[in-house]
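I opened this notebook to look up charged side chains and how they pair. The entries follow the order in which I checked them.

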Amino acid sequence: MKFYRLIFLLIVIITGSENASAQLTDQVKFPPRGKNDTLKVAGTNVDGEMIPWIPLHEVAIYGVRIFKTPEERAAFNRLRYNVLKVMPYALFAKRRYEQLEKDIALTSNKKEQKKLIKACDAEIKQMFNKEIKELTITQGKILTKLVDRELGRTTFDIVKQTKGGLTAFVYQSVARVVGHNLKSTYDPQEDRDIEAIIASSGYYR
């Protein structure tokens, strides 16, 4: 008799739970599915199985350089400081001379071209008088290399193109007196430390 009572009690509990669950489902109204409820991605069928394509942002990984001596670390830190000091000037020169070339290409009038070159020179000289003249000899040498890196032409070639060969020769002679060389070129292998500093600087991200 007790066994039948136990079965009856279980039936009542199960039935009551189902009714309560049905009532709860009726009370809770789920919102209809929208177009944003499903994330659509590209996929590839591989042996009957769809493999989704999920694009990921590029992650730049740089190795941690290990220095042999504190002096070597200090020298690299000085180089990094100097490169980051003059990099904005090299980028400014790149943008300005690229704009000059575009402006010159739009006119065949020699007087107008000379006017454009003169305006460009004025901007460069203004920047020189305000900031570049305060650069050290080392920073000046790095800047000359970076100009070649950004423009694909040496500073000497740029002066020769815009001001003429004689002026370029005079500028080069003066530069050599103070330890500069307007014909300095940039070699990513020879200047790999500078290249590594630029790559990790964030200028080209």
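**Salt bridges**

I first looked up glutamate 150 and arginine 149, whose side chains meet in a salt bridge at 2.6 Å, N to O. I used the term for a side-chain nitrogen of Lys or Arg within 4 Å of a carboxyl oxygen of Asp or Glu. The model is predicted: local features need pLDDT of at least 70, side-chain atom pairs count only at pLDDT 80 or more, and totals for chains, interfaces and linings use all residues. Residues are numbered from 1 along each chain as its sequence is written, and side-chain values use heavy atoms, with hydrogens and water left out.

I noted that side chains of opposite charge can pair when their charged atoms come close.

I then read the accessibility of arginine 149, which is partly exposed at 24% relative accessibility (buried is under 20% relative accessible area, exposed over 50%, partly exposed in between, with a 1.4 Å probe and protein chains only). Salt bridges with shared partners join Lys94, Arg149, Glu150 and Glu195 into one network.

I next checked glutamate 150 with lysine 94, a salt bridge at 3.6 Å, N to O. Glutamate 150 lies in helix H4 (residues 137-151) and lysine 94 in helix H2 (residues 70-105), 56 residues apart. Helices are DSSP runs (H or I, at least four residues), numbered from the N terminus. Glutamate 150 is buried at 9%, and lysine 94 is partly exposed at 24%.

I also found lysine 145 and aspartate 191 in a salt bridge at 3.5 Å, N to O. Lysine 145 is in helix H4 and aspartate 191 in the loop between helices H6 (165-177) and H7 (192-199), 46 residues apart. Aspartate 191 is buried, at 9% relative accessibility.

I recorded a count of 4 salt bridges.

Notes: Helix = DSSP H or I, 4+ residues; strand = E, 2+ residues; numbered from the N terminus.
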